[in-house]
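The sequence and the structure are shown first.

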Amino acid sequence: PDPRMLEQIAKEYADAALAYEKYLDQYQNSKNTYEYSYSYAETLYYSGRFLDAATAYEKVRDSNLDNKYLEDSAFNSVKAYEKYLEAQTQSGKFKEPPLPADGKVVVPVTPIPLPDVMAKVQKAYDAFVAKVPASGRLGTMQYKAAEIDFKYLQWDKARPRLEQVLTTYCKEDIGANAGNAILVSYTIEKNLDKIEEWANKLKT
């Protein structure tokens with residue numbers, strides 16, 4: 001696509017976002033508030049303001065006015081955070097820790113504090129799971145939330161999350177991935193009893 005055209009489209013979305021923002025500031029309880037709040041989040045997203053978009057989608061997701069856009073806003077808040085992280089990673093401003101592997105993590109393992117934005121992403125995954133329990137995306141969201149704790153070496157939090165994914169999706173790849181992550185964490189810690197326990201669990 002023509003970069004100038006993309007720039008023009010982004011500018012039009014930015015202008016629309018401004019118009020929605022003014023309207024929502026002036027008419028906080030109008031019959032259009034819910035509809036316009038979702039449109040506002042969309043214009044923020046398509047004008048590249050991903051963090052603002054995530055927050056705006058969350059307001060729609062958690063709104064008591066209606067639930068027409070509940071699933072869309074729950075999913076889009078996740079997507080907006082992911083797009084933000086992607087842009088930050090590409091510009092070199094953000095670097096997520098790699099998946100832990102035996103020999104690559106210093107023992108004893110020291111948890112890495114979650115950056116604020118990662119805590120928000122994890123909350124967005126958790127909110128999706130809580131608010132859209134019938135979605136086919138549930139397992140992916142649960143796994144991604146667990147994977148954040150796993151990557152940041154917060155294994156006391158990661159293991160129960162991963163075990164839940166394994167229990168629920170034991171016949172699927174995502175369940176196998178969760179089980180393997182638990183086994184890797186104990187392998188890194190050289191916890192022989194747990195390695196044996198989990199190796200046996202994963203065979204059954």
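Predicted model: local features only at pLDDT ≥ 70, side-chain atom pairs only at ≥ 80, totals over all residues.

Where is the place of Leu153? Leu153 lies in the loop between H6 and H7.

## Backbone features in the loops

Leu153 has a phi near 60°, a positive value in a residue other than glycine. Its relative accessible area is 12%, and Leu153 is therefore buried, as the cut-off for burial is under 20%.

Lys190 also has a phi near 60°, again a positive value in a residue other than glycine. Lys190 belongs to the loop between helix H8 (173–189) and H9. Its relative accessibility is 53%, so Lys190 counts as exposed.

In the loop between H4 and H5 sits Pro108. The peptide bond that joins Val107 and Pro108 is cis, with omega at about 0°.

## Overall fold

The protein has nine helices and zero strands. Its pattern along the sequence reads α-α-α-α-α-α-α-α-α. The C-alpha trace spans about 60 × 35 × 30 Å along its principal axes. The protein has 204 residues, of which 39% count as buried.

## Helix packing

The crossing of H6 past H7 is left-handed.

Helix H4 (residues 70–90) and helix H5 (residues 116–131) form another packed pair, with an angle of about 160° and axes 9 Å apart. H4 and H5 are therefore roughly antiparallel to each other, and their crossing is left-handed.

## Salt bridges

How many salt bridges does the structure hold? There are 15 salt bridges. Side chains of opposite charge can pair when their charged atoms come close.

One of the salt bridges joins Asp62 and Lys131, whose closest N and O atoms are 3.4 Å apart. This pair links distant parts of the chain: Asp62 is in the loop between helix H3 (50–61) and H4, while Lys131 is in helix H5, 69 residues apart. Asp62 has 36% relative accessibility and so counts as partly exposed. Lys131, with a relative accessible area of 36%, is partly exposed.

Which residues are linked in a network of salt bridges? They are Glu163, Lys194, Glu197 and Lys201. Within this group, the side chains of Glu163 and Lys201 meet in a salt bridge at 3.9 Å, N to O. That pair links distant parts of the chain, with Glu163 in helix H7 (residues 155–168) and Lys201 in helix H9 (residues 192–203), 38 residues apart.

Lys201 also meets Glu197 in a salt bridge, at 3.3 Å, N to O. Lys201 and Glu197 are four residues apart in helix H9, so about one helical turn separates them. Glu163 counts as partly exposed because its relative accessibility is 34%. Lys201 is partly exposed too, with a relative accessible area of 36%, and Glu197 is partly exposed at 30% relative accessibility.

## Nonpolar surface patch

Met5, Leu6, Ile9, Tyr13 and Tyr46 form a nonpolar patch on the surface, and together they have about 480 Å² of accessible area. Helix H1 (residues 3–26) gives the most to the patch, with four residues.

Are Ile9 and Tyr13 buried or partly exposed? Tyr13 counts as partly exposed because its relative accessibility is 32%. Ile9 has 36% relative accessibility and therefore counts as partly exposed. Ile9 also lies 7.8 Å from Ser47 in space, C-alpha to C-alpha, although the two are 38 residues apart in sequence.

Key: Residues numbered from 1 in each chain as written. Heavy atoms only, no water. Patch = residues over 30% accessible without salt bridge, like charges linked within 9 Å, V, L, I, M, F, W, Y side chains within 5 Å. Areas by Shrake-Rupley, 256 points an atom, 1.4 Å probe, with all protein chains shown as cover. Salt bridge = Lys/Arg side-chain N within 4 Å of Asp/Glu carboxyl O. Helix = DSSP H or I, 4+ residues; strand = E, 2+ residues; numbered from the N terminus. Buried < 20%, exposed > 50% of the residue type's maximum accessible area, 1.4 Å probe, protein only. Axes fitted to C-alpha atoms, helices over the stretch in contact; angles between N-to-C directions. Parallel < 35°, antiparallel > 145°, perpendicular 65-115°, else oblique. Left-handed = near helix turned anticlockwise from the far one by under 90°.
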